[in-house]
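Visitor: Hi, could you walk me through this one? I'd like to ask as we go.

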Amino acid sequence: MSMETVEVDYLVIGAGAAGMAFADSLLTETQATMAIADRHHRPGGHWNDAYPFVRLHQPSYFYGVNSRPLGSGAIDAQGPNKGMSELASGAEILAYFDGVMRQRLLPSGRVHYFPMTDVEDDATIVSRLSGERRRVKARKVVDAAYLSPSVPATTTRSFGVAPGVTCVPVGELPRAVRPGASYVVIGAGKTGIADVTGANADKFYGVENGYGLWVLYDTDGSILEDYFGVSRYAVLGIAFPEIADANGKITEATSTLSDLRLRAEKFFGDNRTYVGFNQATPGTRYFTYACDDGAGGAVAQNAFRCTATGVASEGMSGFAYTINQSNARTSTFTSRPGWNDSLTCWVSKKGESC
Ligand SMILES: Cc1cc2nc3c(=O)[nH]c(=O)nc-3n(C[C@H](O)[C@H](O)[C@H](O)COP(=O)(O)OP(=O)(O)OC[C@H]3O[C@@H](n4cnc5c(N)ncnc54)[C@H](O)[C@@H]3O)c2cc1C
């Protein structure tokens, strides 16, 4: 039987975030044709395998393809992310990439999409359903699966499990929960640490766990790489570490300032100026927030600095944190003995310095 030949300018391996973003830009900026092949039955890559309660760890508008925003740009009005830009759920991300494929890439007539298809080598793709083999004649092959993460749902565990112990990948957790049961979380990637908050962080970070191991935040990205299988350079944004203060007051300041900076950078990306970016911080309580140009004037075209100033009636008098367009951070503590000022970082613990 003769093999069908697909002739295109580009063969894109993988319809995950990388492959979709590449295809979207190629469509906008060139007249090229392309074939996109992926083992999954729909676009979105590893989000098809992610645990059901997964959410982005960064504002939705910083994720996805260039031509179409993810999410509505809303600020969450409730929950742990209250006052911050929305974080898309796994289901939203999948629906988004599905929309990009069906409403943008395919109608262009320049994209051939092969779901449920393995790329065997640079010139052969094989349907996982029918076994049909197709030859691809492409001028360029783009491996958009190069940085693909491995997730527990699709890998074999590398340790044994004692009889009587139920061990499930994190994606099975909603089905495995039993009232009153206690759980051991294996792995301290961002999935494992998702339940660590400002209120309980001191019970985890830097604490000896009883077996001679200390739990540390992933400051150098090694947990991401070793456990999560994601290159530290592949992650565009990451959960803000909610650490140190007993009741989340400082976390409010540092996460709000991070969010303000993200909004400012997004605005700058769209308008080539910081003047006019959204500085609203609804739902905040322990700090007040104001942005200037770094020298007391109004926010400028190329410069801003946002300051969080502690609210005295909330017990935060003397606390001040800043961030600017270079992501430089400072901490100032007025009449707060034991708290060390810093010109280079946000200090969130008494006695801490950087
Ligand atoms: C749970 C989780 C949460 C995350 N949260 C964030 C976040 O908040 N922000 C952030 O920036 N990053 C996050 N990441 C990192 C994530 O890796 C990237 O955001 C991005 O989704 C990776 O996209 P990708 O296209 O590189 O890989 P993938 O999504 O893995 O896509 C690669 C695709 O290639 C296909 N493929 C591979 N080889 C072949 C082959 N030979 N033939 C056919 N198809 C093939 C695979 O089936 C897959 O669909 C998260 C990762 C995980 C696991």
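Guide: Let's start with V126, which counts as partly exposed because it has 17 C-beta neighbours inside 10 Å. The cut-offs are 20 or more other C-beta atoms within 10 Å for buried, 12 or fewer for exposed, and partly exposed in between, with C-beta atoms placed from the backbone. This is a predicted model, where local features need pLDDT of at least 70, side-chain atom pairs count only at pLDDT 80 or more, and totals for chains, interfaces and linings use all residues. Residues are numbered from 1 along each chain as its sequence is written.

Visitor: Which strand is V126 in?

Guide: V126 sits in β5, residues 124-127. Strands are DSSP runs of E with at least two residues, and helices are runs of H or I with at least four, numbered from the N terminus.

Visitor: And what is V126 in contact with, leaving aside neighbours within four places in sequence?

Guide: Those contacts are T117, D118, E120, G131 and R133. Contact here is C-beta atoms, placed from the backbone, within 7 Å.

Visitor: New topic: how many residues surround the ligand?

Guide: The ligand has 32 residues around it, and G14, G16, A18, G45 and A145 are the closest. A residue is near if its C-beta atom, placed from the backbone, lies within 6 Å.

Visitor: Which elements give two or more residues to that shell?

Guide: They are α1 (17-29) and β4 (117-121). With three residues, α1 gives the most.

Visitor: Why does the ligand lie between domain 1 and domain 2?

Guide: Because domain 1 (4-143) and domain 2 (149-243) both give residues to its shell. The domain bounds come from an automatic or database domain assignment.

Notes: Contact = placed C-beta atoms within 7 Å.
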